[in-house]
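Here is a short report on one protein model. Keep the sequence and the 3D view open as you read.

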Amino acid sequence: MHDSSTGSTGNTPRPSRRTVLAATAGITAALTVPATAHAAASGDTRLRALISRMSLEEKVGQLFVMRVYGHSATAPDQADIDANLAEIGVRTAAELIAKYRVGGIIYFTWAHNTRDPHQIADLSNGIQKASLGQPRGLPVLIATDQEHGIVCRVGQPATLFPGAMAIGAGGRPADAHTLGRVSGAELRALGINQDYSPDADVNVNPANPVIGVRSFGADPEAVARLVAAEVKGYQASAVAATAKHFPGHGDTAVDSHTGFPVITHSRELWERLDAVPFRAAIAAGIDSIMTAHLQFPALDDAGDPATLSHPILTGILRGELGYDGVVVTDSLGMEGVRTKYGDDRVPVLALKAGVDQLLNPPSLDVAWHAVLKAVQDGELTEARLDESILRILRLKDRLGLLDRPPYVTGAGVDRTVGTKAHLAAADRIAERTTTLLVNEDRVLPLDHRDRPGVLVVGADPASPSGTTGPPTTVLAAALTELGFTATALSTGTAPSATVIGKAVTAARDADAVVVATYNVTSGSSQRTLVEQLLATGKPVVAVAVRNPYDVAQLPAVKGFLATYSWTDVELRAAARVIAGRVAPHGRLPVPVQRADDPARELYPLGYGLTY
């Protein structure tokens with residue numbers, strides 16, 4: 001199906017005003033209550049009127065948020081058409097909406113949804129046009145995971161901020177608010193109106209494989225302040241924020257993408273630790289809360305994941321915490337929610353537990369028909385679906401999607417995305433996050449007049465957004481701009497003896513060495529690399545580009561910085577600290593335990609040096 005007026009902001013025309021008005025006529029006709037009633041608390045009346053006109057199939061569709069491959073809603077590349085046919089049974093996003101009447105779409109980099117700002121805006125417009133063009137069509141909640149740091153779906157030239165743990169190291173709620181406000185404004189300009197951020201987990205387990213630096217830190221009160229500030233920032237830009245992963249994913253050694261974690265906290269500890277940021281998010285008016293696919297026996301001993309737990313979602317989240325906003329599952333394709341029940345049972349059980357939005361099931365056809373059948377068979381009532389749809393429509397209404405056409409413009413993209421002011425704000429915030437943990441013999445800052453030649457070696461993990469890095473190259477370029485003659489040599493996360501030998505040879509010709517480390521363990525060959533670089537006698541500065549815990553594995557290093565992520569904005573800030581252009585101001589938002597005795601702290605919460 002080809003359509004040349006998909007609401008493009010680039011080479012194809014935007015919908016005409018006549019098209020827009022026609023597409024939204026179905027909503028307007030259904031709203032028999034005068035517009036003045038919308039401004040009042042009784043606005044639910046018109047939303048219930050919308051619901052009353054929906055077929056059962058349309059109601060089921062509103063509950064789902066689904067992935068779809070392609071850069072265009074109507075004309076994706078052939079490979080994306082093939083992927084859609086294989087996984088969803090449709091060719092395009094427009095066909096997905098027409099067949100299943102989904103209420104939400106989630107964007108992923110790997111699904112080729114986020115190539116560049118104008119393309120993203122075009123895709124968003126095409127999705128909205130496809131939905132509004134259906135009988136009784138409604139605007140779509142278009143969502144993504146734009147946490148910043150190590151989870152980021154929209155890349156450069158959009159503004160990329162330091163991630164949550166870096167913001168935690170800066171410790172300023174005003175910076176979290178700025179991140180939310182600026183990121184929200186840019187997402188909104190792209191037609192994305194729901195962000196699955198911020199992460200409200202309190203990361204108290206250094207071995208946590210799935211949260212880690214995505215968390216603001218280990219202090220629940222500090223995390224709560226930053227969560228609330230970021231939520232308010234997103235709301236200021238009319239984008240729905242999402243606190244995740246309820247009831248708390250910060251103390252697990254199992255990744256719920258691939259396993260089924262169990263949280264062993266007592267109820268009392270949950271109240272003091274995990275619940276605190278979620279309470280703050282609710283007090284800040286959080287728009288949506290995402291569930292966790294993990295067991296929490298102290299809250300529900302039935303052995304079900306929290307996503308499917310009525311005691312946790314309805315009893316605690318809605319009942320005790322008083323939350324009546326949208327509850328969205330984490331991806332239903334994750335192993336943590338598929339271990340105990342089949343893919344046909346999971347969406348039904350999630351709705352029975354109290355969920356409103358069902359995110360990204362592995363088979364939409366199986367999940368959609370399972371919910372439909374559950375209503376037809378009486379396991380779920382249509383009234384139960386209406387409760388969730390009302391919450392979803394309240395959110396769409398609050399975002400202004402029901403009152404005005406949900407389209408974006410090319411001019412809005414150019415005016416908002418990646419502006420100089422936004423980029424400068426990200427740089428300023430990053431400078432407040434870089435954390436100096438070791439500075440023996442005042443090895444830092446480096447002076448380009450005394451030590452002009454710098455070798456940058458180390459790990460080059462893949463860019464979270466596909467648009468930044470590689471880290472060693474970015475660090476070398478930033479140091480060169482600051483007056484050094486810097487060269488990059490990527491040695492990877494598991495350097496071989498040959499690679500280490502090349503690095504040592506290169507180091508002998510340098511005046512100083514900067515090494516980027518990534519999740520160093522006791523058996524990691526990154527330790528061997530650093531030890532052999534130190535043996536050259538040249539000054540060595542280590543920069544942990546993910547977890548700050550690396551410092552415990554590298555006790556001989558005399559200069560050590562933590563950036564908490566490897567995106568360009570954090571690496572450039574680290575380069576400015578290395579060069580002495582700015583002083584380090586970050587403070588550890590998590591404690592670092594000793595490598596030889598994890599029961600003892602090497603560096604406490606709040607530790608950080610400066611110069």
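In what order do the three strands of the open sheet lie? The order is β7-β8-β9, and the pairing is parallel.

## About the model

This is a predicted model: local features need pLDDT of at least 70, side-chain atom pairs count only at pLDDT 80 or more, and totals for chains, interfaces and linings use all residues. Residues are numbered from 1 along each chain as its sequence is written, and side-chain values use heavy atoms, with hydrogens and water left out.

## The sheet and its helix

Start with the edges. Strands β7 (242–246) and β9 (326–328) each pair on one side only. Strands are DSSP runs of E, at least two residues, and helices are runs of H or I, at least four, both numbered from the N terminus. Two strands pair if DSSP finds at least two bridges between them. Strand β8 (residues 288–291) is joined to β9 by three bridges.

Helix α13 (residues 275–283) lies across β7 and β8. The helix runs at about 150 degrees to β7. Contact means heavy atoms within 4.5 Å. Axes are lines fitted to C-alpha atoms, for helices over the stretch in contact, and angles run from 0 to 180 degrees between N-to-C directions.

The structure holds six cavities of 30 Å³ or more. A cavity is a set of points on a 1 Å grid, over the protein atoms alone, where a 1.4 Å probe fits but cannot get out; lining residues have an atom within 4 Å of a point. Grid points are joined across faces, edges and corners, and a volume is the space filled by probe spheres set on the points. The largest cavity has a volume of about 90 Å³. Its lining includes Met54, Glu58, Ile97, Arg101 and Leu138.

Which residue forms a salt bridge with Arg101? The partner is Glu58, with the closest N and O atoms 3.3 Å apart. A salt bridge is a side-chain nitrogen of Lys or Arg within 4 Å of a carboxyl oxygen of Asp or Glu. This pair links distant parts of the chain, 43 residues apart. Arg101 sits in the loop between α7 (93–100) and β2 (104–107), and Glu58 in helix α5 (residues 56–62). The structure holds 35 salt bridges.

Notes: 1 Å grid on protein atoms, 1.4 Å probe; cavity = no way out; pocket = protein on both sides within 12 Å on 5 of 7 lines; lining within 4 Å.
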